[in-house]
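Trainee: I have a model open and would like to go through it with you. Could we take it one piece at a time?

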Amino acid sequence: MSLHGRTALVTGSTQGIGLAIAESLARAGAQVVLHGIEPAAQGAEVAAQLQAATGARCTYVSANLMDEAQAAGLVAQAEALLAPIDIMVNNAGIQFTCPVAEFPAERWNAILAVNLSACFHTMKAAIPGMRQRRWGRLINIASVHGLVASLNKGAYLAAKHGLVGLNKGVALETATDGITANCICPGWTDTALIQPQIEARAAAVGGDREAGIRELLREKQPNLTLLPPSALGEVAVFLCSPAAAGITGVALPVDGGWTAQ
Ligand code: NAD
């Protein structure tokens, strides 16, 4: 599978699932613009490491996606640095767990801004160029929580269900333009995002971290295995492949059976 000649922008890609997706795309031949909230020098180091490991040209842009203007300007910033964006991966995301009756409004606004509104802004900015070039891949990292609910995740559920809906609409609007728009819906994946939930569960069962992970998996994820971030990277590459040209508007669970229940 060759993505030579394609340029990807992956949000929130200095760590976790985003970095794994950036690495898979780079190994498939795409040049990659990494993105994060870290200062330029710190992000540039991650980009240099990825470039050395993959041989693909990699660079870095910094933007806080909680800020509407920064989110709206991200694609232009990336294109000025490298090349027109052919593959737009909306991956950046944050989590906060709390019952709705006590949910801080400030956390609600932050989660909606980063996990949903930023995806609107980047797709809005990326679509016209993709349309002109008659090729584009929009990949939105939603979640099983874009499809089903769990306790105490009101804002995250609203954002991820919203993203699945937005993605369907974008898929219809771009269906004859050589563009596909798809969501990947991961289950529990081994990254920093879920560490607070692992620690809370570990404390609740009076055990260590491994006991906490076992409890989380037993409750929701039938294959009883945390997903490695690289698994999501390979699915993203597949969605960019010619074999996936007819796949658009889907929300693809990669969840060890979570949403089959
Ligand atoms: P992570 O915390 O390792 O990475 C999140 C990334 O988002 C980081 O790079 C962070 O810098 C970036 N980010 C956060 N706030 C930002 C802001 N204001 N502006 C710019 N960037 C910001 O977590 P992850 O697990 O790799 O999460 C990646 C995506 O996968 C998220 O959308 C998350 O909701 C989704 N997801 C994760 C899991 C899981 O179990 N880890 C499951 C389902 C979905």
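Trainee: Which exposed residues does helix 6 carry on the face turned away from its buried side?

Mentor: Keeping in mind that this is a predicted model, the exposed residues on that face of helix 6 are Pro196, Ala203 and Ala204.

Trainee: And which residues of helix 6 are buried?

Mentor: Within helix 6, which covers residues 195-204, the buried ones are Gln195, Gln197, Ile198 and Ala202. Looking down the axis of helix 6, you find these buried residues within an arc of 160°, so they line one face of the helix.

Trainee: What do those buried residues pack against?

Mentor: They pack against helix 7, residues 209-220, while the residue to look at after helix 6 is Gly206, which has a positive phi, near 60°.

Trainee: Switching to the ligand, how many residues surround it, and which are the closest?

Mentor: The ligand is surrounded by 29 residues, of which Gln15, Asn91, Tyr156, Thr189 and Thr191 are the closest. By class, this shell has 16 nonpolar, 12 polar and 1 charged residues, and helix 1 (16-27) and helix 5 (154-173) each supply at least two residues of it.

Trainee: How much of the ligand does the protein bury?

Mentor: Taken alone, the ligand exposes 820 Å², and the protein buries 94% of that.

Notes. Residues are numbered from 1 along each chain as its sequence is written. This is a predicted model: local features need pLDDT of at least 70, side-chain atom pairs count only at pLDDT 80 or more; totals for chains, interfaces and linings use all residues. Side-chain values use heavy atoms; hydrogens and water are left out. Buried means under 20% relative accessible area, exposed over 50%, partly exposed in between (1.4 Å probe, protein chains only). Helices (H or I, at least four residues) and strands (E, at least two) are DSSP runs, numbered from the N terminus. The arc is that of the directions from the helix axis to the C-beta atoms. Contact means heavy atoms within 4.5 Å. A residue is near a molecule or strand if one of its heavy atoms lies within 4 Å of it. Accessible areas come from the Shrake-Rupley method with a 1.4 Å probe; for residues, only the protein chains shown count as cover. Ala, Val, Leu, Ile, Met, Phe, Trp, Tyr, Cys and Pro count as nonpolar, Asp, Glu, Lys and Arg as charged, and the others, Gly among them, as polar.
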